[in-house]
Amino acid sequence: MSVKGRIHSFESCGTVDGPGIRFIIFMQGCLMRCQYCHNRDTWDLHDGREISVEEIMKEAVSYRHFMKASGGGVTASGGEAMLQPEFIRDFFRAAQAENIHTCLDTNGYIRKHTDVVDEVLDATDLVMLDLKQMDDTIHQELVGVSNKRVLDFARYLHKRGQKTWIRYVIVPGYTDDEQSAHNLGAFIKDMDNIEKIELLPYHQLGEHKWDAMGYDYPLSGVQPPSKETMEKMKEIISSYGHKVIY
């Protein structure tokens, strides 16, 4: 019987969640509580709709031409994709059987390392790993959980030699200081599986979702980081030997 997943939505021609033009599925459910989350409506593990691998593949392959021509593929995002690893494994295996590139966009908060985690990674061509903050106290304040599991997962990706991009959101007052940049640079310095680091400036685009759901947006009034701040963070992190873009 086909494994079913619970998704929030999908996007047919995404351009920011991996290389090229991508078919992106946004999985339902997340255990982090990021204060700046722009997909607040994906947190509930029981919301969204069920879909089979066959159904989602039927949608994905219809965009094969656009994906192939651009060097794109499929991306599993969220919410958090690794809360439904069996579905992601089967989806990625089906995509690879069609010679379609697979990308896992994850926060790395893996509760328990089981065989299915390796099965997902075996079917993953690229991991995009969100590292929120290296300081655990700030991490817990910003996203509600410890970063220990996330950092362990990052180390495991390195051990596997898994092709990885790091994403780091520059949030004023939480992740935009020079020490945070040095901490991140030092942590990934010797990880030769990392192709690049993407610095993402904090934005307020998700605030309306919080409002619509009846919740107060925690970072109301916080403005995006300046270009000078982005440049300084890029300069520091790149000094540790990795390609950094924003």
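**View 1. Leu131 and its surroundings in the predicted model.** Leaving out residues up to four places away in sequence, Leu131 touches Val150, Leu151, Ile166, Arg167, Tyr168, Leu184, Phe187 and Ile188, where contact means heavy atoms within 4.5 Å. A nonpolar core is here a set of buried Ala, Val, Leu, Ile, Met, Phe, Trp, Tyr and Cys residues joined through side-chain atoms within 4.5 Å; buried means under 20% relative accessible area, exposed over 50%, and partly exposed in between (1.4 Å probe, protein chains only). In soluble globular proteins, nonpolar side chains tend to be buried together.

The model is a predicted one, in which local features need pLDDT of at least 70 and side-chain atom pairs count only at pLDDT 80 or more, whereas totals for chains, interfaces and linings use all residues. Residues are numbered from 1 along each chain as its sequence is written, and side-chain values use heavy atoms, with hydrogens and water left out.

View 2. Helices (H or I, at least four residues) and strands (E, at least two) are DSSP runs numbered from the N terminus. In helix 6, Val150, Leu151, Phe153, Ala154 and Leu157 are buried. Seen down the axis of helix 6, the buried residues fall within an arc of 155 degrees, so they line one face of the helix; the arc is that of the directions from the helix axis to the C-beta atoms. On the other side of helix 6, Lys148 and Lys159 are exposed. The cover over the buried residues of helix 6 includes strand 5 (101–106), helix 4 (115–122), strand 6 (126–130), strand 7 (164–170) and helix 7 (178–188). Helix 6 is followed by Gly161, whose phi is positive, near 70 degrees.

**View 3. Asp105 in strand 5.** Asp105 lies in strand 5 and counts as buried, at 7% relative accessibility. The side chain of Asp105 makes a polar contact with the side chain of Ser77 (2.9 Å); such a contact is a pair of N or O atoms within 3.5 Å, and within protein one must be able to donate a hydrogen and the other to accept it, while residues adjacent in sequence count only if both atoms are side-chain atoms.

**View 4. Ile110 in the loop between strand 5 and helix 4****.** Ile110 is buried, with a relative accessible area of 13%. Not counting residues up to four places away in sequence, Ile110 touches Met82, Val117, Arg149 and Phe153.
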